[in-house]
Amino acid sequence: MRSPSPALWGLERRGGELWLDGVSLPALAREHGTPLYAASANRLRARAAGLLGALRAYPRRSRVAFSYKTNLVAGVLQVLHAAGLGAEVVNGYELWLARRLGVAPEDIVMNGPAKTEAEIAAAVEAGVGLLVMDGLPEIERVAAEAERQGRRVRVGLRLCPDVVPRGMNSSSLTGSRRNQFGLDLQGGELGAALARLARAPRLELTALQAHVGSGIHDLAAFRRTASRLLDALAEARARGFSPSCLDLGGGLGTPASREFTTLELLTYLGTGRLPRRLTPGPQDLLARYGQVLAEAAVSGALQRDLPLPELVLEPGRALVSDAQVLLLGVGAVRERPGVGRFALTDGGAMSTSLMFLSELHAVLLANREAAPDGRTSVFGRVPSPMDLVYRNLPLPRLAPGDLLAVMDAGAYFTSTASNFGGPRPPVLLLDGGQTRVVRRRERFEDLARVEEALEGLEPP
Ligand SMILES: Cc1ncc(COP(=O)(O)O)c(C=O)c1O
């Protein structure tokens, strides 16, 4: 796999070092230590503006709610909210955080395939803009809670459109009948849901929703999803409901990284062979996506003689992935004659991102410029072969002290990082040449705070 040019991420080389937004990445690493994540506020704003701009041509209202779980760092979320995005939340903590960050309740979409009673109660009490229900029993539970609190609730129904985008592995698919999400359209569950909703006067059916995967480059999959949702909208109207919104979920990929295909994933996990090339897709992917959705909604509504629906989108990855980089320090390099080279860094899949195991990201040498020289398998520090960055990456010959930049580290990296390898890394926000620590590096005390058994023990 050859790495694309650093310019794809707005990076430049100065004296061999990689710079982002006027900041030297090696200097950041020296000052703050590694591993660390660095996010570019300007790139976050540009992505948000790109999508909002593409939707502006849509003749009805459209709303974009950022998928919190993609990057749950408060300082990053603040930039996105200031750029005009709402919040899509999937659990009680995310809902709490959105409220804490000052997001207006009507700008919050609450999802989640198996909400707890407490989460339903909190969403109803907050008066979220859309509470998307998944499964028939959840309608029962939301109706009961609305009754208990005496409130009207704007609800959505998550549907399973049975759409499988091309070029994905099964770990990132969510919209096929083989997945656990949404009402089964083929199994007649929409009819059953509408029948139940007809007896729930406090629930106002506002939207039909689907989310078919993550890291999607196949825009036709979004067209098919819109079409299935519009069929369902027509069915709901025929049954006397008037849902005004199509919620098309998230799922768009990002230009310079991608999911492994199923075959690539099997080959890679089984043999360690990486796909040969990471070919960057079009840079205007977000704008094209916005256009495709708008066109699909307009033409689909016309064909079915439906009023044009409002659009709700819940993107995560496409807004943040290529606005953040993960810096890893190389601690040791080993070579086994006849076998290969290994580099041990301070972060692998088990401490900085599970995503290394199913997605292909570019990895650049950040502290000096050198030509690729053979292949190196890059690991983290956890003594487990699963603590991988990547096997067999074409890289320059590495030495202890080198710095690697893992690109497209803004989506699902901070949120899947674990403490298996120790305290988790900090997140630095680069904004106009200034650097702000928006999440500090975890300390031992942070990890120990929940250990009740340590209460009363004298510190060493
Ligand atoms: C319901 C829902 N909406 C939105 C998203 C965001 O997806 P993505 O980051 O691929 O845009 C997800 C991610 O899994 C999701 O489950």
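## Contacts with the ligand

In this predicted model, a backbone N or O atom of G251 lies 2.7 Å from an oxygen atom of the ligand. E314 reaches the ligand through its side chain: one of its polar atoms is 2.7 Å from a ligand nitrogen atom. H211 also uses a polar side-chain atom, which lies 3.4 Å from an oxygen atom of the ligand.

How much of the ligand does the protein bury? Taken alone, the ligand exposes 390 Å², and the protein buries 91% of that.

## The surroundings of the ligand

The ligand sits in the largest pocket. There are 17 residues around the ligand, and those that come nearest are S214, G251, E314, R317 and Y412.

Sorted by class, the shell around the ligand holds ten polar, five charged and two nonpolar residues.

## The sheet

Strands in a sheet are held together by backbone hydrogen bonds, and the pairing can be parallel or antiparallel. Here three strands form an open sheet in the order β1-β2-β3, and the pairing is antiparallel. β1 (11-14) and β3 (23-24) are the edge strands, each pairing on one side only.

Four bridges link β1 to β2 (residues 17-20) in the antiparallel sense. Which residue in β2 is the bridge partner of L11? The partner of L11 is L20.

Notes:
Residues are numbered from 1 along each chain as its sequence is written. This is a predicted model: local features need pLDDT of at least 70, side-chain atom pairs count only at pLDDT 80 or more; totals for chains, interfaces and linings use all residues. Side-chain values use heavy atoms; hydrogens and water are left out. Two strands pair if DSSP finds at least two bridges between them. Helices (H or I, at least four residues) and strands (E, at least two) are DSSP runs, numbered from the N terminus. A residue is near a molecule or strand if one of its heavy atoms lies within 4 Å of it. A polar contact is a pair of N or O atoms within 3.5 Å; within protein, one must be able to donate a hydrogen and the other to accept it, and residues adjacent in sequence count only if both atoms are side-chain atoms. Accessible areas come from the Shrake-Rupley method with a 1.4 Å probe; for residues, only the protein chains shown count as cover. On a 1 Å grid over the protein atoms alone, a cavity is a set of points where a 1.4 Å probe fits but cannot get out, and a pocket is an open set with protein on both sides within 12 Å along at least five of seven lines; lining residues have an atom within 4 Å of a point. A molecule sits in a cavity or pocket if more than half of its atoms lie within 2 Å of its grid points. Ala, Val, Leu, Ile, Met, Phe, Trp, Tyr, Cys and Pro count as nonpolar, Asp, Glu, Lys and Arg as charged, and the others, Gly among them, as polar.
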